[in-house]
Every structure is written in structure tokens, then in C-alpha cells.
Amino acid sequence: MRAKKRVVAMLLAGGQGSRLKDLTKNIAKPAVPFGGKYRIIDFALSNATNSDIRDIGVLTQYKPFSLNAHLGNGAPWDLDRNNGGLRILQPFYTEEGGKWYEGTANAIYENINYLEHLSPEYVLILSADHIYKMDYNELLKCHRENGAALTVAVREVPWDEAPRFGILNTDDEGRIVEFEEKPEHPKSNLASMGIYMFDWPILKHYLEKDNKDPNTSHDFGKNIIPSIIGDDKPVYAYKFDGYWKDVGTVRSFWEANLDLLEDDEKLNLYDNSFRIFTKSKDLPPHYVSSTGKVKKSLVNEACVISGKVSNSVLFSKVTVEEGAVVENCVVLSNVKIKKDAKVYNSVITEDLVIEEGEEIGSPEDGKVYLVSGDGIAEE
């Protein structure tokens with residue numbers, strides 16, 4: 001049985017994602033297209049919808065126009081409600097003046113009035129730029145059973161990657177006894193996923209305390225969590241063993257898209273019991289001509305395929321002309337790949353034309369290429 005206690009989710013969606021280069025040149029990272037028809041933010045939003053969370057504040061900041069247009073009134077995620085639902089929360093002017101959010105914790109602190117209005121029992125802090133499926137009710141169940149003030153979702157990462165993450169050290173009962181931010185010599189490989197379930201009174205207290213500290217970075221990982229642990233509050237880890245990826249680089253973005261093509265169903269988009277929702281463009285179906293061949297690929301609406309496409313993800317309105325070859329590629333919307341062109345191991349940004357006979361990449365070199373209006377960059 002699902003828990004009936006009221007949870008408000010706060011979705012941090014203001015990141016620039018500069019390591020994605022031209023993919024985030026004009027849009028925030030959570031608005032980056034993914035998986036042929038989705039945006040990255042769709043996964044966290046859909047997780048919330050599938051977990052029966054009906055109050056979600058989306059905190060935006062960097063170039064929010066495309067993201068806001070995608071979110072609209074929240075209807076694709078069943079969040080278009082008169083009471084509660086989806087609310088877009090942007091930096092705003094106060095008597096002290098207007099300013100950007102100064103960190104993840106400050107972003108939530110600046111919206112304390114929104115949370116007080118909803119008066120939740122629990123507040124779920126989420127990042128909007130990760131690809132995964134999670135039933136947040138399981139996280140809440142763990143939180144309540146442990147009588148926790150804070151529960152942090154964690155997953156095991158390879159030991160050689162652990163220094164890139166916030167690492168949590170736990171006792172035998174799963175209680176977090178230490179938090180290390182990107183340690184050079186980690187004591188465990190339990191990495192924080194940036195997903196936090198708080199008792200609301202606890203969160204409010206520590207946000208207010210953090211706001212008064214002149215030496216803080218206003219960050220959950222660096223400041224809030226270590227402060228709560230230091231005060232000996234019950235902080236527990238919730239271990240997640242499903243698919244999860246932070247698409248923070250062009251290569252990881254490429255890898256995560258192609259992961260969708262694997263037979264082991266790491267991230268099943270066809271599970272009707274836990275769907276990923278998005279804003280539909282209502283385009284005509286894709287078309288494969290008599291000369292077109294498509295193998296092990298996702299091909300979205302309004303694509304016209306007359307060449308060969310294999311192990312690739314094509315977004316809407318992509319044209320692959322006769323004789324063209326597209327292999328191991330992620331091709332964003334409105335791209336035209338002309339006759340006899342050959343493209344391998346590439347991410348191609350929107351609205352580009354790959355000229356007739358042009359060759360990009362190689363099926364054997366193991367490199368990934370970002371093809372954008374600024375040219376071709378090797379990743």
C-alpha cells in the first residue's frame with residue numbers, strides 16, 4: 001500500500017550543464033532532449049507522478065524559456081491542478097534586491113514561503129538532470145521506518161569513479177555517519193544521487209541556520225547534510241540498484257541514449273506500469289522508404305528514412321537520404337543527412353545539414369563526436 005503522508009517535491013532545474021557544450025548553449029541542462037522524444041527533466045517529473053506526488057515546485061534559473069515552454073501547466077504529468085500541481089519557481093526581487101540562487105540550499109531557502117503555504121510533512125529534494133526510474137514511495141517508506149530526519153538516496157559506483165561523487169559512509173544499520181564531498185581517498189563507494197527526503201521541520205531549521213552562516217556555500221552536499229550529521233540527527237541511506245546516469249558530459253549523454261537500445265532493459269520505456277511522460281508534438285508518423293533500412297534504433301515522429309540507420313536514436317523530423325549511413329548516433333530534431341553521407345559515433349545538434357558525401361567519425365576509432373553549428377568536436 002502506498003504511503004498517504006503528504007510529500008512536496010522540489011525539483012532543482014536551474015543548471016547550465018556547461019560540460020554538455022553546445023547542447024546547453026541556449027537551454028538549461030534539464031531541457032536537453034533525450035531518448036528520441038523526451039527531455040531530461042521528464043524522468044524526475046514522471047517519477048514523481050508515478051509515485052503519486054502531486055505538489056512539485058520546479059526551480060529554474062539558467063535560460064529557462066525552453067524549459068518553461070516544455071513544462072507549461074504540467075498537464076503531460078497530470079500536474080495541471082487548481083490546488084497544488086506544478087509550480088515554476090524562479091529567482092525573484094525582494095526588498096534586498098534581486099539575485100541568482102547562490103546554491104542548492106539557497107534555492108530552497110528562497111522558496112520557504114511556498115513550502116510553508118503547502119505545509120508538508122516531508123520535502124523531497126530532486127535534481128532535474130539525471131536519467132533514472134524510481135518509486136519515491138520506497139524512499140519514503142525507508143525514511144519513515146528508520147525514523148530519519150533525512151534520508152539520502154545512494155548507489156554503488158565503481159571505486160575508481162568514487163572521487164567524483166559525494167560519498168556516504170554508513171554503519172551496519174545503514175545510518176550515515178560521515179559525508180565526504182569528492183574525497184581523494186574514499187572510504188566507501190556509496191555515492192549520493194542528489195535525492196533527499198527530509199522531515200519538513202528539520203529542513204526548515206537547517207535552511208534558516210545555513211542562511212545566517214557567512215561562511216557557507218549554501219549547498220546540500222557541502223553544508224546542510226554534514227551539519228545535520230554533525231548534530232547527531234538520524235540520517236540514513238536508501239540504496240538504489242536500478243539504472244541511473246548523470247548525463248554531465250557529451251560522451252555520457254551519448255552513452256545514456258544508446259543504453260536505451262540494449263536488450264537488458266536497463267531503462268524500459270515500454271513499461272506501462274511506470275511510464276515516462278512528456279509534452280507531445282503531434283507530428284505525423286515516421287516513414288521508411290523502399291531503400292531505407294533501420295536496425296536496432298529509436299526513430300521518432302516525422303522522420304523520413306531512405307538510407308541506413310543502425311544502433312541510433314533519431315529525434316523528430318530527421319531526414320536520412322538514400323545512400324547515407326547513420327551508425328551509433330544520437331540525432332536531434334530537424335537534421336538532414338544528405339545522400340551518401342556517413343556519420344558514426346556522433347551527437348548531432350538540432351537544425352543541421354550533413355552535406356552530401358560528408359564523412360564524420362569512424363566505426364572503429366572509439367571516439368565520440370559532437371556535431372554542432374560551431375563545427376565538429378572530438379569528445
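In the predicted model, Thr-319 stands opposite Lys-336, a residue of strand β25. Strand β22 covers residues 319-320 and strand β25 covers residues 336-337, and these two strands pair in the parallel sense over two bridges. Both strands belong to an open sheet of five strands, which runs in the order β16-β19-β22-β25-β28 with parallel pairing. The edges of this sheet are formed by β16 (287-288) and β28 (353-354); each has a single partner strand, so one side of each is left without a neighbour in the sheet.

Helix α1 spans residues 41-50 and is mostly covered, with ten of its ten residues buried. A residue is counted as buried when its relative accessible area is under 20%. Just after α1, Asp-52 takes a positive phi of about 65 degrees.

The second largest pocket holds about 650 Å³ of space. Two elements, β3 (38-39) and α2 (65-71), each give two or more residues to the lining of this pocket. The largest contribution comes from α2, with three residues. In total, 32 residues line the second largest pocket, and those nearest its centre are Ile-27, Pro-33, Arg-39, Leu-332 and Glu-350. By class, the lining consists of nine nonpolar, 13 polar and ten charged residues.

Notes. Residues numbered from 1 in each chain as written. Predicted model: local features only at pLDDT ≥ 70, side-chain atom pairs only at ≥ 80, totals over all residues. Heavy atoms only, no water. 1 Å grid on protein atoms, 1.4 Å probe; cavity = no way out; pocket = protein on both sides within 12 Å on 5 of 7 lines; lining within 4 Å. Points joined across faces, edges and corners; volume = space filled by probe spheres on them. Helix = DSSP H or I, 4+ residues; strand = E, 2+ residues; numbered from the N terminus. Nonpolar A, V, L, I, M, F, W, Y, C, P; charged D, E, K, R; others polar. Pairing = 2+ DSSP bridges. Buried < 20%, exposed > 50% of the residue type's maximum accessible area, 1.4 Å probe, protein only.
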